[in-house]
Structures are given as C-alpha cells and as structure tokens.
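Welcome! Please take a moment with the sequence and the 3D view below before reading on.

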Amino acid sequence: MRQQRLLIPTLRDVPGDAEVASHKLMLRAGLIRQLSSGIYTYLPLGLKALQHIQTIVREEMDAAGAQEMLMPALHPSELWKASGRWDVYGPELMRLEDRHGREFALGATHEEVITTIVKDEIQSYKKLPVTLYQIQTKYRDERRPRFGLLRGREFLMKDAYSFDRSQSGLDESYESMYKAYHRIFTRCGLNFRAVEADSGAIGGTDTHEFMALADIGEDTIVHCPSCQYAANLEKAVGQLPAFTDTASKRSDLPNEPQKVHTPQVTSIKQLSEFLQVSPKQIIKSIAIEANGEPVIVLLRGDCEVNEIKLKNALNGTEFTMLSEAGIQQIGSKAGFIGPIGLQNAKIIADSSVIGMQDAVIGANEADYHLTHVQVERDLAGLAYYDLRNVTEGEHCLTCGHELSFAKGIEVGHVFKLGTKYSRSLGASFSDENGASEPIIMGCYGIGVSRVLAAIIEQNHDERGIIWPASVAPFAVHLLTVHVQDEIQMKLSTEIYKSLTDAGYSVLWDDREDRPGVKFNDADLIGFPLRITVGKKAAEHIVECKERRSGDQYELTAEQIIAHCQTFFQTGGRSSHE
Ligand code: 9G3
C-alpha cells in the first residue's frame, strides 16, 4: 500500500481524556477515533491489526475443533426473561423497542441465544460434544467507559460455548479451550498469566481468567514465582505469617478479658497507637446486614475483607453495612463493636483470627475495648472462613515461596457453566436409553478489541508502538527519502514489488513530507522493520532499522528478501547480531 493514499491521520497531541499509553498511541498513530464515549471507529491500520488478532483466534479455535457461527446482536427480551437475566442486569444491558413496540436487548453476551439454538437443533447424545463460537460486537452500557478500547461500550468479543453430556466431557472441552487460549495469547505476543478466578454472577464452578500483565490493569493477580499457583485477588489464598506476639508467651496473662477505657478510640490505627499493640493483635469487627440479618465479620486488624469471598461465605447473598440503629439493636456501638456480649448477631471469622492470643476487641460499649482476649478460650466455636485479601509478604500454600502481586488486564475468561442455562432454557439431550438429561455447558470469552489495546500497552516506548510481527498492520515500512528523486523512486518501486511478491505486507511512505516527519511517523506507527531508500540508492544500498531492538544497518537491495526471511522467521525479533 502507498501511504500517500491511505487514511492514517497521525497526531502529535491527544485529547486530555486519553490517560493510558495504549489509548494515546492508538489515537496518535491513527488506528482509532472515538465516535462517542466508549464507542470507536477502527481506521484502516487499527482494523488490520484487529483482523490479524481475529485470524489467530479463528485458527486456534478451529484447530481445537470449535465451529464458527454468527449470532444476532438484537435479542428478543423473551429469551432474557426466560433465563431470568432481563431483570438481573440494570442499565448496563442496552434495551430498545422495535417498530411494533416489542422489547429487545443489544447482546452483551450470548448464553441465552446459543442455548436456544442448541435446544432447537441438538436433541441426541450422538451430536454431543460440540463447541460453537462467534466473533461479534457486544454492547454493555458501562457506567465509566475508559482507557479507549480497554473498557468500551461496544466491543469485539470471541465468545465460545461448549455443550457436553457429562461433567467429564465438560472438563475435556474446558481443557481444550484453556490450551487454545494459551496458544492464542502466546501468538499475539502477550505477556499473560492464567489465574484462578471467581465465577461471579454467571455461576458455575471452575473458572480462569487470562490476564495480560500491565500496571494500568484493573485486576490484581497473586502469583507464585516458583510454582504455577496464580489467582485473581478476588480468589487468591496465602499463608499468613504467624504473628507470635511476645506478650502471649507471658505466663502472667489474666485469665479473662480486661475492660480498658479508650475514649474516642475507634479505628485500628488509633487503637494500635493508644494501647501500644500491633494491629496484628487486634480483632477487627465489621457489622454488615445480609438478608435483613445482622452479621459480625471478624478479621485480624492488619487484614482487609475481600467482598467477593464474604459474599460467597454468605452463599452469594448481597450485603450492606449495618446501620447505626442496627448496631444499637445488637447491643453495640459503632467504633466499639466486638464479638463478646452481642445480642442475636451471627458471627463469622476469617482464618486470620484462629489461635490469636492476648487480642484486643471492642467492648460493645462506647469508649471501651477488651484486652487479653484468648480466641480459643473466649470465642470458642467460631465459624471460620477465608474472607480476607491475601497481603504482600504471604507465602504460597502450595510450595511455601513468597507470593508476588501484579496488575493485569483481563483479556480472556473461561467458565464451567454446568446446567445453569440449559435447565432454565430447556436444552436437553436424550441418552442411549432415551432418557432426557440437561446439556452441560462451558463458556469461553476473549476480548478481541481489548487484546489489541493490551498488546500496545505491553509493546510501546516513548516514540510509539512496537508491533509484534504476528499482529502488525504491515510487516515492513518502506521509506523513500526524496520522492522527486528518480533513482530513489525506481529502487523503491523494485523493492516494494520484490517484497510484496515474496508475501510481505509493505506500507510504502511515498509522501512528499520532510524525512524527519517520515521517520517520526514510522517510529510512532511502529511496524517491525523499516527500510529507507535514500542517498545511497544509486549504489543499491538501503538502510534498515528494527523497531524493537533499534538496530540500524545497511543492506544491498539484493539482500533484503533473504534478510526478511530470517528477521520475520524469528517472529520479527532482532536477527542482525
Ligand atoms: C449482561 C451484561 C453484562 C455482562 C453480562 C451480561 C459479564 C455477563 C459475564 C459473561 C460470561 C461469559 C460468554 C463469553 C465469556 C464470558 N457482563 N457477563 O453475562 F447482560 Cl449487561 O459474559 N459470556
């Protein structure tokens, strides 16, 4: 392609609302333009990269035996009412009416649609297992679209759905998709981790998220540098270093809790300073309300409650903070809540509380706390759960190594759904004996447009994008320094032809602009290899620059094809050692 004619509107500066590197660079390099908040146009370069990602996804999904199809984005509300999700999702599910006043949803995901298709078209065990997928635009009216394509309101997703007759069949389908995801993200050049995740509202059992590591990622992942353990913070577990407070060794500990006057001392920090004890010696009491019932949640003072884990401990019940009146009702006082002496309040404790000696708790009386609490003696019979966020410094439960924390961008999510949708929508199969059984499902998503942004987030420098060769819009950027110079244009034409004939995609910068503009644009747009035809064209010598390594060297025109074969064979890495 000749750049003069291509729509690649590069920019020097970007609008203020572009905060992260990938968003800024996609605007500056002329890959996307915003139409409305969270809604983007893909300009030619952006679309080419998006298509390369889709090709990788299709090749691996097809290789895993999945079958591509394409479902509508307009979903009749009846389907979402049948699955019960029409009322579960609020304004995030975009809804509209047709000319007859019938209600529709713009597809945010396709469990309802695909399950209905399978219900209608597959009845016999002979047609199972089957995995179907599509690459299609999804609509979700995010409250706060941001970071460009990373969190949009209209985005491209590959969503696949597996249908099995048994749990073991689902395990196999899941494993097959999991491996395909590894191949996809590896081929896209992403630095990623597959992490154990919480299945959330979608339900089901096992679920893994594929996280592209990036400081601007919204998710926190916990991983062990020495073994394979990795989990979303929502789910991660760790070994809390035992806190052996010296006091607990003392033999002169009183044999019952002591009441101490702690005027206006309500926070863990204040209490720690006032009583000169470590937060690790304090038991934090959080008062919540679940299903209208007051529940007191206990954690060690240095730990934070993980709301997903707490919700799971409450069997998925939503909860809110208990009101002042509610705290009064259980015979306590905000800021001085403690587990001893409450009236009819359920108490659950995080495992960090187990075995605490000589602990401090609220006295359920304004301005008083209790010290020297022994959990085994004074709080016997507590129900223990895993309710806290793993904290820095904890150790891997599997191999004991200290755990690492990182931020990640969720680019993929795979779920074992079970029969959640097949039951509600009536998708069943008849087995060998003619008995009817619900089909067992899995679902598997990749944020294709989000992958594009994540790749740029992980592959850029201060001058611009550094495309992995596998998804670069073009492999080679051919620059002619002076397009008025016949020799340079003649050699450029020959090189362009030999490269394209050899199967390399070439963007030829044949613009009239000054060389500096062309060089800056080439670095900004960031294709893997730049070939410049300049003052040595008469000697058939060109200058090469590798975008990732920065290596620059001269080649004769005759060496170019062989050089590209080695350069792109090694995945566009520097081969000119
Ligand atoms: C909605 C809206 C937002 C949603 C969903 C439904 C997330 C919803 C979870 C999934 C699960 C899997 C198939 C591909 C892989 C992910 N946000 N989820 O179901 F109506 Cl507005 O999408 N779906």
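Predicted model: local features only at pLDDT ≥ 70, side-chain atom pairs only at ≥ 80, totals over all residues.

Residues are numbered from 1 along each chain as its sequence is written, and side-chain values use heavy atoms, with hydrogens and water left out.

**The five-stranded sheet**

- Five strands make up an open sheet with mixed pairing, and their order is β16-β14-β15-β17-β20.
- The edges belong to β16 (319-321) and β20 (383-385); each has a single partner strand, so one side of each is left without a neighbour in the sheet.
- From one strand to the next, the twist averages 35°.
- Helices (H or I, at least four residues) and strands (E, at least two) are DSSP runs, numbered from the N terminus, and two strands pair if DSSP finds at least two bridges between them.
- Axes are lines fitted to C-alpha atoms, for helices over the stretch in contact, and angles run from 0 to 180 degrees between N-to-C directions.

**Strand partners inside the sheet**

- β15 (residues 293-300) runs parallel to β17, and four bridges join the pair.
- Within that pairing, I296 has I347 in β17 as its bridge partner.
- β17 (residues 346-350) also pairs in the parallel sense with β20, over three bridges.
- Here I348 stands opposite A383 in β20, and the bridge partner of A349 is Y384.

**S285, a residue of β14**

- S285 sits in strand β14 (residues 283-290).
- Its relative accessibility is 15%, so S285 counts as buried (buried means under 20% relative accessible area, exposed over 50%, partly exposed in between, with a 1.4 Å probe and protein chains only).
- A polar atom of the S285 side chain lies 3.4 Å from the backbone oxygen of I337.
- Setting aside neighbours within four places in sequence, S285 is in contact (heavy atoms within 4.5 Å) with I296, V297, L298, I337, G338 and P339.

**I361, a residue of β18**

- Strand β18 (residues 359-365) holds I361, which is buried with a relative accessible area of 0%.
- Beyond its neighbours within four places in sequence, I361 is in contact with I283, P339, I340, H369, L370 and V373.
- I361 and H182 are 179 residues apart in sequence, and their C-alpha atoms are 48 Å apart in space.

**Helix α1 and its surroundings**

- Two packed helices are described by the angle between their axes and the distance between the axes.
- For α1 (residues 21-28) and α11 (residues 448-458), the angle is about 100° and the axes are 8 Å apart.
- That makes α1 roughly perpendicular to α11 (65 to 115 degrees; under 35 counts as roughly parallel, over 145 as roughly antiparallel and the rest as oblique).
- A21, S22, L25 and M26 of α1 meet L452, A453, I456 and E457 of α11.
- By class, this contact has six nonpolar, one polar and one charged residues (Ala, Val, Leu, Ile, Met, Phe, Trp, Tyr, Cys and Pro count as nonpolar, Asp, Glu, Lys and Arg as charged, and the others, Gly among them, as polar).
- In α1, the buried residues are S22, H23, L25, M26 and L27.
- Their cover includes β1 (32-36), β2 (39-42), α11, β25 (460-461), β26 (464-465) and α13 (515-525).
- Just after α1, G30 takes a positive phi of about 75°.

Definitions and conventions
Polar contact = N/O pair within 3.5 Å; in protein donor to acceptor, adjacent residues only side chain to side chain.
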